[in-house]
Amino acid sequence: MRNIYMTDELEEIRHQVETFVEREVVPNGDQWEEDGLIPRELLEKMGSLGMFSLRVPEARGGLGMGEIASVVFAEALATSTFAGFEITALVHTDLAMPHLLRSGTPEQHDRVLPAVMLGETIMALAITEPDAGSDVAGIRTSAVKDGDGYRLNGSKLYITNGVYGDLVVVAARTDPSERYGLSMFLVESDREGFAVSKKLDKHGWRSSDTAELTFTDCWIPQENLLGTEHRGFYEIMKNFQNERLILGAMAVGAAQKGIELALQWTQQRAAFGGTLYDKQTIRHRLAMHQAHVDAGRAALYHAAWLAENGVDATKEVSAMKAFTGEMVNDVLYDCLQFHGGMGYMRESPIERMVRDARILSIGGGATEVMLEEVAKRSML
Amino acid sequence: MKIAVCVKQIPDPATPYQLDPTTHWVIRPPDQVMDDTDRYGVEVALQLKEASEGEVVLVSMGPAGNMQGIRQALAMGADKAVIIDDAELKGSGALSTAKVLAAAIKREGADLVIAGTESSDGYTGVVPQQISELLDVPALTFARKFEKTETGIRIERQTQSGYDVVECGLPALISVTAGVVEPRYPTFKGIMQAKQKPVDQLTVSDLGLDGDSVGGSGSGQDITEVSPVPSRQAGQVIEDDGEGHLRIVELLEQAKVV
């Protein structure tokens with residue numbers, strides 16, 4: 001048993017995800033990195049196995065599990081070393097889908113949830129804009145009431161699954177007089193006025209598609225309003241905790257995998273009459289990194305447990321996100337270093353992992369923003 | 001049709017395991033996984049069940065531990081499991097194992113028994129045939145393809161030079177090779193349901209067997225010595241100075257392969 005938060009079922013889910021990843025993802029990931037795309041057949045396979053239904057209530061055909069299950073899932077996906085693949089699945093399950101699950105009406109659930117669970121409909125979440133990132137209240141995209149619906153105008157930036165996704169949860173301003181006057185909408189990607197204005201070229205996560213989206217007089221029917229009008233800001237804030245747990249799990253998983261690769265390499269790489277691992281400086285640095293990974297994992301599962309039990313864990317989640325986002329970059333830096341010249345080659349997984357990890361201290365709340373959340377809650 | 005599938009829990013091959021220095025038996029950790037070769041047998045059983053009504057019962061012998069391996073097979077879709085876990089079974093060889101499994105299968109009353117060709121830890125490769133002998137049913141071994149017929153089962157039996165088509169009526173036993181089918185992944189729902197499925201845990205006396213006829217005393221064998229596989233010798237490098245191919249042909253002739 002990995003820790004006190006695990007159950008036999010979660011342990012088995014972890015095992016199955018790792019097995020799936022080893023067989024279905026690892027042999028193909030390099031091609032997907034080149035294509036900038038995760039094949040839909042793979043996502044549908046994951047959907048058919050129930051991998052997208054962990055958080056869906058049992059009454060809706062899901063497993064009705066909580067934050068700990070999401071963390072287990074994300075950490076297990078991270079054994080793939082292809083974080084672009086991981087984030088494609090996780091944006092669907094843990095960034096976009098929670099809005100649908102929490103705020104969606106029974107009619108909306110009936111209409112879209114079955115295909116979403118099966119991976120036939122892939123979801124994206126569009127909050128960030130050119131002038132609004134972590135400062136969500138700066139959103140300018142507007143949705144103006146127009147007949148039996150809304151007229152959407154504006155643009156969104158850095159939208160994961162934005163190029164090939166089918167259903168986007170969009171945050172837009174519905175009350176211009178109120179700083180937090182936002183609403184959430186379900187926007188189908190084939191709707192008139194919806195356009196992928198740019199497929200973005202990234203430093204890492206290259207198998208994941210990232211878009212700039214524009215909405216030009218895009219009409220959204222009333223039944224696509226997600227949750228209560230003008231209350232979208234609070235919905236976004238609520239799911240930030242889940243998103244940050246997921247990114248923390250990706251960080252812990254990637255750091256652990258990086259250490260595993262570095263151990264394999266250093267124990268077989270001959271140098272100066274022994275292996276690299278025979279050098280105390282390398283052994284000890286890897287051991288200290290393992291200690292940091294263990295500390296990050298403990299913070300991660302504890303924060304997930306708090307969230308799952310309905311405790312406001314903003315401070316713990318923010319601290320964990322800040323810590324793991326920096327930790328994974330420190331750990332993987334050394335793991336690449338210990339691979340020597342091979343670590344600098346595009347063919348080595350560790351080279352890709354270092355590029356992929358860079359976003360983990362930026363996305364979903366940059367370290368500086370996270371530390372501010374902690375600092376605000378630490379004042380006497 | 002009631003189908004019994006022989007499955008074995010083995011130490012995770014990814015984790016090194018220890019041998020007892022005196023008995024040379026594997027020290028079995030509580031966390032054991034389903035033998036990978038058994039996934040094929042379970043898949044064949046599930047496909048046959050899906051094609052016609054039926055029940056799939058897993059039959060396993062060995063320390064139950066936390067039953068992780070059994071639950072993995074139940075998560076794939078098997079209906080129930082019978083596991084025979086008894087201290088008297090320590091040190092069982094192939095024949096002891098076959099006696100116990102055959103008795104458990106008889107108790108269940110299966111129409112068809114499915115087994116992998118050999119386990120990944122013991123590799124004796126004789127247990128399926130011994131079970132068929134003890135149950136007095138035909139054994140269709142090394143199946144690389146299978147189909148249900150009106151009255152029984154037909155397989156393509158893998159041979160060194162090709163395959164034989166073999167068929168028989170039921171009850172029968174088939175042993176399946178890896179590659180006969182593509183084993184399914186358990187669904188997450190299957191994983192959650194696996195713990196609720198019935199598992200009968202039996203002892204040697206529950207099966208009406210005499211303790212002396214099974215286990216170490218009944219296996220008719222002693223492991224006297226275990227030695228590691230010698231590491232492979234480095235190959236011979238032939239530098240190609242334009243005549244390298246001639247040297248290679250010469251070596252192949254010496255090895256009598258051309």
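Is N66(B) buried, exposed or partly exposed? N66(B) comes out as partly exposed, since its relative accessibility is 29%. Here buried means under 20% relative accessible area, exposed over 50%, and partly exposed in between, with a 1.4 Å probe and protein chains only. Before going on, some ground rules: this is a predicted model, in which local features need pLDDT of at least 70 and side-chain atom pairs count only at pLDDT 80 or more, while totals for chains, interfaces and linings use all residues. Residues are numbered from 1 along each chain as its sequence is written, chains are lettered from A and ligands numbered from 1 in the order in which they are written, and side-chain values use heavy atoms, leaving out hydrogens and water.

Back to N66(B), then. You'll find N66(B) in the loop that runs between β4 (55–61) and α2 (68–76) of chain B; helices (H or I, at least four residues) and strands (E, at least two) are DSSP runs, numbered from the N terminus. If we ignore neighbours within four places in sequence, N66(B) is in contact with P30(B), D31(B), Q32(B) and R71(B), where contact means heavy atoms within 4.5 Å. For a sense of scale, hop 27 residues along the chain to G93(B): its C-alpha atom is separated from that of N66(B) by 23 Å.

Nine of the nine residues of α2(B) are buried, so α2(B) is largely enclosed by the rest of the structure. Among the buried residues is R71(B), along with Q68(B) and Q72(B), and R71(B) is also one of the contacts of N66(B). Just after α2(B), G77(B) takes a positive phi of about 135°.

Now zoom out to chain B as a whole. Chain B has seven helices and eleven strands, and its C-alpha trace spans about 70 × 50 × 40 Å along the principal axes. Of its 258 residues, 43% count as buried. Chain B exposes about 13700 Å², with carbon and sulfur atoms supplying 50% of that; the areas come from the Shrake-Rupley method with a 1.4 Å probe, and for residues only the protein chains shown count as cover. As for the contacts in chain B between residues at least 6 apart in sequence, 72% join residues at least 24 apart.

Some backbone geometry deserves a stop too. Most residues other than glycine have a negative phi, and most peptide bonds are trans. In chain B, the peptide bond from L170(B) to P171(B) is cis, with omega near 0°, and P171(B) sits in the loop between β9 (163–169) and β10 (172–176). Over in chain A, N161(A) has a positive phi near 70° and lies in the loop between β3 (149–160) and β4 (167–173). N161(A) counts as buried because its relative accessible area is 1%. D217(A) also has a positive phi, near 50°, but its place is in strand β7 (residues 210–221) of chain A. With a relative accessible area of 45%, D217(A) is partly exposed.

How is chain A divided up? The domain assignment gives domain 1 (8–121), domain 2 (124–230) and domain 3 (233–376), with bounds that come from an automatic or database domain assignment. The C-alpha centres of domain 2 and domain 3 of chain A lie 30 Å apart, and the contact takes twelve residues from domain 2 and 15 residues from domain 3.

The structure holds three cavities of 30 Å³ or more. A cavity is a set of points, on a 1 Å grid over the protein atoms alone, where a 1.4 Å probe fits but cannot get out, and lining residues have an atom within 4 Å of a point. Grid points are joined across faces, edges and corners, and a volume is the space filled by probe spheres set on the points. The largest cavity has a volume of about 90 Å³. Its lining includes T81(A), F82(A), W205(A) and D356(A), and draws at least three residues from each of domain 1 and domain 3 of chain A. The lining residues divide into nine nonpolar, one polar and two charged; Ala, Val, Leu, Ile, Met, Phe, Trp, Tyr, Cys and Pro count as nonpolar, Asp, Glu, Lys and Arg as charged, and the others, Gly among them, as polar.

Helix α10(A) gives the most to that lining, with three residues. Leaving aside neighbours within four places in sequence, R352(A) is in contact with D30(A), E33(A), T81(A) and F82(A).

Technical notes:
1 Å grid on protein atoms, 1.4 Å probe; cavity = no way out; pocket = protein on both sides within 12 Å on 5 of 7 lines; lining within 4 Å.
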